[in-house]
Amino acid sequence: MILRRYGTSVQSVDLNFDSRALTEIGFRRNKEHSEPVDAFMIRCERVGGHDFSGQADGSVQSDVERRLLKDMESEIWRIHGGLGLDEVLLIESEQGIDYPKTRTRTVIVDGENQLRFTARVHPPLRVGVYRKRSASG
């Protein structure tokens, strides 16, 4: 399960990465799970984390940005697939503080009538791995 904090609650989300959107790295609440942040933090502990950034380049800007986001999404799903039964991913990047954004740089190829685009995500998307606390701890 992938969770994200919304105010005082933690809610389950689906990835919504779209290179055509203003906020390319987005999440859509799916209403499968919701609980107060405090209850989640008591119930679960952080056992790891990942920073997702990536980079892609090419000659068509929209293709480059789309490939970057698709690769990042695939990597998140790869990590998600390796989670244990009592583990979840929590999106830790916060809106207005360190929320990731696609950055694209355009370069004119030396002496040619051609452009080259490089896209990256900055700052990285921070995702924590959380596990249900053991009954003894």
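Phe17 counts as buried because its relative accessibility is 13%, buried being under 20% relative accessible area, exposed over 50% and partly exposed in between (1.4 Å probe, protein chains only). The model is predicted: local features need pLDDT of at least 70, side-chain atom pairs count only at pLDDT 80 or more, and totals for chains, interfaces and linings use all residues. Residues are numbered from 1 along each chain as its sequence is written, and side-chain values use heavy atoms, with hydrogens and water left out.

**Aromatic pairs**

- The structure holds two aromatic pairs; rings of Phe, Tyr and Trp (its six-membered ring) pair if their centres lie within 6.5 Å, with planes under 30 degrees apart counted as stacked, over 60 as edge-to-face and the rest as tilted.
- Phe17 and Phe27 form an edge-to-face pair, 5.9 Å centre to centre with 85° between the planes.
- This pair links Phe17 in strand 2 with Phe27 in strand 3, ten residues apart; helices (H or I, at least four residues) and strands (E, at least two) are DSSP runs, numbered from the N terminus.
- Phe27 is also buried, at a relative accessible area of 10%.
- Phe40 and Tyr130 form a tilted pair, 5.4 Å centre to centre with 50° between the planes.
- Phe40 lies in helix 1 (residues 37-43) and Tyr130 in strand 9, 90 residues apart; both are buried.

**Gln11 and its surroundings**

- Gln11, in strand 2 (residues 9-17), is buried, with a relative accessible area of 16%.
- Its side chain makes a polar contact of 2.9 Å with the side chain of Ser9; such a contact is a pair of N or O atoms within 3.5 Å, where within protein one must be able to donate a hydrogen and the other to accept it, and residues adjacent in sequence count only if both atoms are side-chain atoms.

**Backbone exceptions**

- Most residues other than glycine have a negative phi, and most peptide bonds are trans.
- Lys31, in strand 3 (residues 25-36), has a positive phi of about 65° and is exposed, with a relative accessible area of 80%.
- A cis peptide bond joins His122 and Pro123, with omega about -10°.
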